[in-house]
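Please look over the sequence and the model below before reading on, and keep both in view as you follow the text.

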Amino acid sequence: MTVLLISTILYAAILLALGAYFFGKVRTQNEFCIGARNLKPSEIGFFGQLSELGLFFMVLIPSYVYLNGTGGAWMIMGLFIGTLLSWYLMSYRLMRYSLKFKNVYSLPAYYGRRFGQRSGKLEMTAAVFSIISELCITALIVRILGGLLADIFSINQYILMAVIVLVVTAFVILGGFLAAGRMSIVSIVMIFAAFTAIFLVCFFLFKADDLIVAVMNSRVTGGVSKYLNLIYYKGKSITVSQIYNQLSWGIVIMGLPGLLSKYMTLDKARTAKHGGRTAFLFTLITLFLAVVAGVVLRAFMYPAILKKHNYFMLISRTIKRLNSMSTVYKIAGGVVLAGLIAGLVIMMISRMITLSSVCYLEIVKPYILKKKRIKKNLLALRITMAVMAVIITLLSFINVDPFRFIEFMLMLTAVFFGPATFMSIYFRKMNKSGALAGMLSALFTTVIWEFLRVIPKGGELLTLHDYLGMNFVAAAVVISVIFIIIVSCVTKKVAEDVKLSFDDVKNRIIT
């Protein structure tokens with residue numbers, strides 16, 4: 001355990017040292033929330049992708065492939081296409097709106113300015129939902145990381161979760177967005193080092209032919225030919241609904257507010273262009289490595305076989321096994337552990353920055369502090385972050401299945417914000433009533449699809465999800481878009497100044 005402890009302590013030390021380094025450089029609210037637009041294109045590209053996909057890279061995709069075969073790799077196609085479309089279709093216009101509206105850098109604030117200064121209900125609805133969703137998702141990430149570390153170190157999970165929140169909160173309070181951008185580079189190095197360590201270990205343990213034999217001997221469902229075939233899933237021919245469920249993550253990545261808000265930190269088109277290229281290349285390579293890692297770990301872990309109830313523990317069990325081997329393998333385990341922590345912590349960092357910004361700017365400052373003059377807005381912002389950290393800690397102690405709920409919350413958040421944001425930058429006639437209708441209709445569609453038992457089958461009532469075997473993402477997006485168009489067309493027309501702003505952004509006029 002010595003190597004693993006050193007690896008964990010070293011990561012925490014780097015995190016806190018970087019936060020302390022940027023503490024003196026963060027002097028304003030703007031620098032804390034968006035780094036005063038001083039991040040390099042590569043840093044924004046890395047940070048944007050890691051803030052949403054760190055969990056996928058280090059836990060979800062390797063685990064899915066390990067259990068189900070490469071038929072579980074359709075997800076990477078969805079995530080990559082979603083990343084491509086998101087950067088290409090949305091980054092430039094959101095950047096221009098942010099610059100035009102003088103440093104608007106959260107989705108609730110963007111909605112308020114996009115549809116006019118009197119978009120109170122829309123802005124508040126977006127802010128409340130954003131706060132709730134970010135609190136829940138962050139708490140679930142804490143619970144997942146705490147559970148994985150508890151499995152590795154055999155330490156009480158709740159103690160570990162409290163320590164995780166404490167360390168990450170200290171980093172965010174100290175360095176804010178500026179330090180987070182730099183930390184994304186460190187996280188990239190650690191994640192690639194983790195995959196490299198996994199592949200080197202398997203290279204030394206197995207030759208190429210022996211690796212295939214080892215996968216065959218690991219009792220994969222349907223045999224190795226089906227396990228390594230994209231058109232098979234769990235040993236059976238993959239269905240349309242299974243492909244759809246995986247590809248739908250592309251729609252999800254286009255609607256996650258963490259990535260959308262990163263576009264508002266861009267300072268010019270060239271930055272967006274180069275940041276997007278970095279994001280495309282990094283996402284494609286890392287997703288591919290995650291799939292390969294899932295396959296080779298099937299051979300490495302045998303004779304141990306993780307089943308449906310514990311396959312998400314793949315990386316933690318891999319680290320434990322490496323730690324039981326010779327010194328070189330122990331070091332490899334420490335490297336993999338650092339990559340695992342880096343992938344999940346960067347997601348926490350991004351969400352805590354977004355959470356504190358939205359909560360302070362939309363709730364605390366206008367409604368609690370009201371018109372009081374606060375000489376040190378940055379201090380109040382940091383206090384808000386500390387309060388949010390306490391709530392996150394308490395939420396993480398709730399005993400739920402974190403993997404199941406985090407997938408649901410990511411999807412729900414994406415369909416709530418995604419269609420409204422996309423339509424707002426391309427539909428000139430869209431108004432605040434249409435935006436609000438789109439958000440609420442997506443929310444109601446999700447509830448009906450996932451929880452309302454209305455389809456009779458075999459003497460029982462099933463939900464639409466159970467009956468069709470498909471998630472709610474596409475249905476919620478389509479219904480949201482329909483409501484946005486209809487409600488915008490039948491309610492009060494948008495003001496002329498709103499139309500002029502839309503035209504200016506479309507024509508690249510941001511002054």
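This is a predicted model: local features need pLDDT of at least 70, side-chain atom pairs count only at pLDDT 80 or more; totals for chains, interfaces and linings use all residues.

Residues are numbered from 1 along each chain as its sequence is written, and side-chain values use heavy atoms, with hydrogens and water left out.

The largest pocket holds about 1500 Å³ of space; a pocket here is an open set of points on a 1 Å grid over the protein atoms alone, where a 1.4 Å probe fits, with protein on both sides within 12 Å along at least five of seven lines, and its volume is the space filled by probe spheres set on the points, which are joined across faces, edges and corners. Its lining, meaning residues with an atom within 4 Å of a point, has 42 residues, of which Y64, Y311, R404, E407 and H465 are the closest to the centre. Helix α17 (402-426) is among the helices that supply at least two lining residues each, and α17 gives the most, with seven; helices are DSSP runs (H or I, at least four residues), numbered from the N terminus.

Helices α6 and α18 also supply at least two residues each to that lining. The axes of α6 (residues 120-153) and α18 (residues 432-451) come within 10 Å and cross at roughly 30 degrees, axes being lines fitted to C-alpha atoms over the stretch in contact, with angles from 0 to 180 degrees between N-to-C directions. That makes α6 roughly parallel to α18, because angles under 35 degrees count as roughly parallel.

How values were computed: Angles under 35 degrees count as roughly parallel, over 145 as roughly antiparallel, 65 to 115 as roughly perpendicular and the rest as oblique.
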